[in-house]
Amino acid sequence: MQIGVPAEIRAGETRVAATPETVKKLVAGGRHRVLVQASAGVKASIPDVEYERAGATVVPNAEEVYANADIVLKVRGPSLEELAHFRKGAILIGLLNPYDSATMEAYARHGITAFAMEWLPRITRAQAMDVLSSQANIAGYKAVIIAANEYQRFMPMLMTAAGTVKAARVLVLGAGVAGLQAIATAKRLGAVIEASDVRPAVKEQVESLGAKFLDVPYLTQEEREIAEGVGGYARPMPADWMRRQAELVHERAKAADIVITTALIPGRPAPKLIKEDTVKSMKPGSVIVDLAIEQGGNVEGSELDKIVIKHGVKIVGIANLPALVAADASALYARNLLNFLNLLLDPKTGELTLNREDEIIAGSLVCIDGELVKKT
Ligand code: NAD
């Protein structure tokens with residue numbers, strides 16, 4: 001197989017879908033050839049020469065990658081201009097934003113076979129391929145580092161000859177992969193942490209990291225069932241539960257110095273968890289980092305790719321935080337994709353074995369043979 005790795009062209013995207021480590025594994029055995037576009041890894045601190053040393057062929061432009069590739073590894077879904085260069089029947093693997101049905105239809109019309117890593121089932125066997133988890137982990141870490149940088153006080157408690165400095169109070173909303181890493185990172189910096197999530201299973205995880213869980217009790221069976229979600233994902237909660245959560249969040253945000261919001265509902269706009277009146281009630285100099293900004297944001301007043309000051313509170317709306325940790329984000333992403341590829345390629349012959357009975361393949365398949373795959 002010819003495996004192509006073009007440079008990412010989306011603004012701010014610094015990651016790359018293969019690294020010298022994964023290239024080396026792909027070319028071992030001599031069944032596959034990897035074509036990497038020149039400079040594809042530069043923003044992730046990987047010079048072309050390292051790809052060459054690992055056994056890749058570095059080609060001067062994306063057209064040459066697409067013209068030869070049977071399989072294309074991408075971070076972000078290709079634009080329609082990029083798509084035009086794909087060979088009919090080529091396989092595409094990446095974070096395709098499969099909820100954008102117009103673009104997915106264009107992929108199908110072009111005759112490619114596309115796999116969206118967002119749709120990987122959250123099952124144990126898929127963990128080593130789970131791009132959402134590997135990247136959310138990085139985003140949660142970086143959110144705290146950015147918050148610490150924007151905050152004009154210390155994170156840990158300090159006792160000095162000049163007096164005592166109080167530890168920062170951090171509130172984390174949404175304690176999935178990103179939120180749990182934000183809690184762990186803030187804890188290492190010495191903060192006092194509280195966290196909230198809709199899913200009941202999260203309480204124990206939050207507490208095991210040394211944070212306090214903010215309980216919003218379920219008053220009806222319906223509330224509990226929705227909160228428990230499907231496959232580890234949240235669904236939108238009933239309005240009454242959201243109102244009770246907002247009241248609690250309002251009270252706790254007033255006491256917080258830093259708020260990190262990570263709440264997402266797959267395929268839907270992010271829930272608004274911090275209203276403007278809550279921002280208004282927060283202490284001057286507090287910092288909010290809105291990790292959900294690309295899905296519309298959890299915070300009223302956050303702006304895409306900006307740091308704004310509203311009512312004396314800094315609101316950070318920088319998108320795609322994993323791209324700010326490009327080297328490690330690429331290393332983990334590339335390993336996730338390699339593990340996924342190992343599922344598609346026969347270990348003995350190197351031929352494509354597209355077993356549509358396999359839950360992981362079926363779950364992530366977006367289109368094949370000119371048709372969109374229906375999801376039930
Ligand atoms: P996500 O990024 O889709 O959402 C982030 C968090 O926001 C979730 O924990 C969600 O419950 C929460 N949320 C949604 N609405 C909210 C609201 N109104 N208030 C507060 N929080 C709200 O989720 P994720 O981090 O990708 O994954 C969620 C969970 O799935 C993980 O914590 C884990 O338990 C599970 N998971 C399982 C596997 C596996 O078994 N292979 C892999 C990855 C994740």
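Let's start with a sheet. Eight strands make up an open sheet, ordered E3-E2-E1-E4-E5-E6-E16-E17, and the pairing is mixed. At its edges are strand E3, residues 57–59, and strand E17, residues 371–372. Each of those pairs on one side only.

Look inside that sheet. Strand E1, residues 2–5, pairs with strand E2, residues 33–37. The sense is parallel, over four bridges. Ile-3 stands opposite Val-34 in E2.

Now a helix on this sheet. Helix H5, residues 101–110, packs there. H5 touches strand E6 (113–116), strand E16 (365–368) and E17. The direction of H5 makes about 40 degrees with that of E16.

A word on the model itself. This is a predicted model. Mean pLDDT for the chain is 96. Of its residues, 99% reach 70 or more. The scores are ipTM 0.95 and pTM 0.95.

Next, domains. The domain assignment gives domain 1 as 2–119 + 326–368. Domain 2 is 136–319. How far apart do the C-alpha centres of domain 1 and domain 2 lie? They lie 34 Å apart.

On to another sheet. Seven strands form this open sheet, in the order E11-E10-E9-E12-E13-E15-E14. Pairing is mixed here. Which strands stand at the edges? Strand E11 (212–213) and strand E14 (307–310) do. Each has a single partner strand, so one side of each has no neighbour in the sheet.

Within this sheet, take strand E12, residues 258–261, and strand E13, residues 287–290. They run parallel, joined by four bridges. Val-259 has Ile-288 in E13 as its bridge partner.

Helix H7, residues 177–188, lies across strand E9 (169–173), strand E10 (192–196) and E12. H7 runs at about 170 degrees to E10. Helix H10, residues 239–255, lies across E9, E10 and E12. H10 runs at about 155 degrees to E9.

Last item: a helix pair. Two packed helices are described by the angle between their axes and the distance between the axes. Helix H6, residues 131–150, packs with helix H12, residues 326–344. The angle is about 170 degrees, and the axes are 9 Å apart. Angles over 145 count as roughly antiparallel, so H6 is roughly antiparallel to H12. The crossing of H6 and H12 is right-handed.

Who makes the contact? From H6: Val-131, Ser-134, Gln-135 and Ile-138. From H12: Asp-328, Ala-329, Leu-332, Tyr-333 and Asn-336.

Key:
Residues numbered from 1 in each chain as written. Predicted model: local features only at pLDDT ≥ 70, side-chain atom pairs only at ≥ 80, totals over all residues. Pairing = 2+ DSSP bridges. Helix = DSSP H or I, 4+ residues; strand = E, 2+ residues; numbered from the N terminus. Contact = placed C-beta atoms within 7 Å. Axes fitted to C-alpha atoms, helices over the stretch in contact; angles between N-to-C directions. pLDDT = per-residue confidence, 0-100. Domains from an automatic or database assignment. Parallel < 35°, antiparallel > 145°, perpendicular 65-115°, else oblique. Left-handed = near helix turned anticlockwise from the far one by under 90°.
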